[in-house]
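Please walk me through this structure.

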Amino acid sequence: MLSKTAAVSAAKKKLPIYCVDRDDNKIAISFDAAWGADDTDELLKILEDNGVLATFFLCGTWIDDYPEEVKKLYEAGHDIGNHSDSHPHGSQLTLEQNKA
């Protein structure tokens, strides 16, 4: 995997961009779940209809609030990743708070 840095916005903030050289046309799709679940069934139907598997990054609070939705994601074959427990804004936390 290659890691590159891109400058974005007027402040020239640097963000990582990850890419993998491939001989075919493929992309990875991911979703962050931190609040609400009104569109989960529709989203799962769209993905299924198009033969697409995705990665869902779930917040712990979302998992607590929507355990049946988590089961639906898992049973549909999607990957599940960690998106923190409570979705804090890391840029507003101290280094020590981020580490904790």
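The model is predicted. Begin with helix 3. The buried residues of helix 3 (67-75) make contact with several elements. These partners are helix 1 (40-49), strand 4 (55-58), helix 2 (60-65) and strand 5 (79-82).

Which residues of helix 3 are buried? They are Glu69, Val70 and Leu73. Because these three span an arc of only 105° around the axis, they lie on the same side of helix 3. The other side of the helix carries Tyr74 and Glu75, and both are exposed. Exposed here stands for over 50% relative accessible area, buried for under 20%. So helix 3 has a buried side with Glu69, Val70 and Leu73 and another side with exposed residues.

Now follow the chain past the end of this helix. Gly77 comes after helix 3, and its phi is positive, near 95°.

Next, look for open space. Rolling a probe the size of a water molecule over the atoms shows where empty space is left. The largest pocket has a volume of about 240 Å³. Its lining is made of 15 residues. Which of them are closest to the centre of the pocket? They are Asp32, Ala33, Gly36, Thr40 and Leu43.

Strand 3 (30-33) and helix 1 each give at least two residues to this lining. Strand 3 supplies the largest share, three residues. Sorted by class, the lining of the largest pocket holds nine nonpolar, three polar and three charged residues.

Key
Residues numbered from 1 in each chain as written. Predicted model: local features only at pLDDT ≥ 70, side-chain atom pairs only at ≥ 80, totals over all residues. Heavy atoms only, no water. Buried < 20%, exposed > 50% of the residue type's maximum accessible area, 1.4 Å probe, protein only. Helix = DSSP H or I, 4+ residues; strand = E, 2+ residues; numbered from the N terminus. Arc of directions from axis to C-beta. Contact = heavy atoms within 4.5 Å. 1 Å grid on protein atoms, 1.4 Å probe; cavity = no way out; pocket = protein on both sides within 12 Å on 5 of 7 lines; lining within 4 Å. Points joined across faces, edges and corners; volume = space filled by probe spheres on them. Nonpolar A, V, L, I, M, F, W, Y, C, P; charged D, E, K, R; others polar.
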